[in-house]
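Please keep the structure open as you read.

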Amino acid sequence: MLQRLRENKAWQGTLLALPTTLWLFVLLVIPLFLTLVVSFGRRSPDGGVIYGFSFHNYLRLLGYSTDCPGGQAACFDPLYAGILWRSLTLAFWTTVIVILLAYPLAYFIARSHPRRRNTFLMLVLVPLWTNFVIRVYAWMMLLREQGVINGVLGWIAAQFGIPFQPLQMLYTPGAVLVGMVYEFLPFMILPIFTSLEKIELPLYEAAADLGANPFRTFLRVTLPLSMPGVVAGTILVFIPVMGTFIVSDLLGGKQVILVGNLIQNQFLSARDPTFGSAASLILMIMTLIVTYFYTRKFGFGEEIIAA
Amino acid sequence: MRSEFAVELRDVVKQFVTPEGNLLNAVDHVTMQIKNGEFFSMLGSSGCGKTTSLRMIAGFEWPTAGEVYIEGKPMGHTPPFQRKVNTVFQNYALFQHMTVYQNVAFGLEMEGADKSEIEKRVKRALEMVQLTGMERRKPRQLSGGQQQRVAVARALVKLPDVLLLDEPLGALDLKLRKEMQLELKALQKEVGITFIYVTHDQEEALTMSDRIAVMSKGKVMQMGTPVEIYERPANKFVADFIGESNFLDGKIKSISADEASVFVPALNAELSGVPMSKDLVNGEEVVISIRPEKIRIVEYDDGKEGIFRAKIINSIYIGSDTHVYLDCNGVRLKVMEQNRISRLDPFSFYHKDQQVGVYLMPENTLVLKKEA
């Protein structure tokens, strides 16, 4: 038996993949299937599920409403479509800002002395040692009306004798954006660093030698060769940002509701698991579509591993 | 008007800080003039300063002191992208994300050449290095020799004043290396561009170069044509580094313009008419350098002029040659004999303790200053 296993590569592969496959089947595939089934159902008055096959939850998400102010049979209600759109744009801008912040830093670390490089990388990772939620709370302390930032601004204003009205920063889309960028920055820095570190010094010299100034060297050599890192980072940032609800819950309050908050509400407070399931699947489909088109254009960042 | 020299280094020093925190002159007061159209090599073992010198010409490093001139113009801190020199890098440094065509076109695009011009020149450059048809391949899909050719084409397509080559054949196997040596030399003749070639391989330098600078510890030990370097090494270091040499102690007995008579205790004889360098004086303790292939083993014939008694220590057959080690009054001599005749009989070879005579003509030896 052991002898046969030793010789059979296919068996070995199956055996190695088995635990994870089981795990994913029980905890991902089955729940996903249940979610799909539930999403076609209807909420029962006591918050349970009446199974059926209806698309009304999906139609509702996209704006179809039967509860119309003018008393018509059907009308367009932008509430949920708006939430979906807001989630998408917020994830987009978070990713863009994270790239713009992470790239220069990753470049700096990649080009720094090898002895200092590990220290810098560790500093990037240090925030991750603290709990995600605690870090978001820390931003609340900074941003709230009586928070640190308003305190400092007020003090400065007082020094110059200018009247100061505390800024409303917490519970705004801006606060959510800041929190998201902060939370996901390390996940962009690391892959970009990895791909930049792989670029050998003589390549920069070759570009300079052939007449490229530093700016054109960056555009023609550095950037294309580090794209795998940018792509990998984008996937690592965009997908979780689309689904997260803690940051928007704590820093956005009732003002900034994202699809993650919607799903959470449907399951916990509105007690409509059918609508929550539909929202979950829509979120997944949206993320898949965006990721599909993005990776089709830029690849999966697989060269970061292959190279 | 073009300057007489393509590149000139005047008293150039490059200082580095070692990991231990000491200052090191990687290049130590080097002066050299490289003529237009010349194939010039810098030859030396690793750490001799040859690559650093090349990098200062390219502009990747700036001299700590002294000045690099290209076509008569002092370079100062001119960055590489503003110098009319191009480099073929040791491991080629090809852009892996670009095709062969894009690699070669890169430098022309940076000049702002128009599309049809680029197309024409890239095509021509690829023809020159025999890579026509490979335009759309990525560097990864090429063999080592082909990658090397792309690197040459990429640099040459810019028609630089000077092409710098940093051990460009180091990664190739012996046979391909020898082929590429001749090819590069022919290419240099064809385009007429000054080549500055860095190598640690003396045979390579001798094969290709018009002139060679032999370097050691940041200094130029000798500069000259391959023949000068081999036949008239300026000092014991060069005589030892280029090819092989037997060194015998001696003392100058008399001296003329460029010849000396030297008493050599190991031979118990005075050699007269030995070529020598200028800076020696009468009565000076010197060394005689004798190339192994310039000694002949003959039958010992007592009293015959120029033949000295010796004993075979051992002989090693290496195919094209036989290396024979002799004991000449307690001094070891190496002799190289070409195997011009095909032999199989073991008794036709030298055997240990065989008494022989060595024949050496004074004009085939050289007097050199004795060094520590």
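The model is predicted, so local features need pLDDT of at least 70 and side-chain atom pairs 80 or more, while totals for chains, interfaces and linings use all residues. Residues are numbered from 1 along each chain as its sequence is written, with chains lettered from A and ligands numbered from 1 in the order in which they are written.

A:P240 sits in helix α10 of chain A, where helices are DSSP runs of H or I with at least four residues, and strands are runs of E with at least two, numbered from the N terminus. From A:P240 to A:V26 the C-alpha distance is 22 Å, across 214 residues of sequence.

Now follow α10(A) to its partner. Residues meeting there include A:A91 and A:V98 in α4(A), and A:G233 and A:F238 in α10(A); contact calls for C-beta atoms, placed from the backbone, within 7 Å. This contact divides into 9 nonpolar, 5 polar and no charged residues (Ala, Val, Leu, Ile, Met, Phe, Trp, Tyr, Cys and Pro are nonpolar, Asp, Glu, Lys and Arg charged, the others, Gly among them, polar).

Between the chains, 18 residues from chain B and 14 residues from chain A take part in the contact. On the chain B side, α2(B) gives the most, with 4 residues. That side has 10 nonpolar, 5 polar and 3 charged residues.

Terms used:
Contact = placed C-beta atoms within 7 Å.
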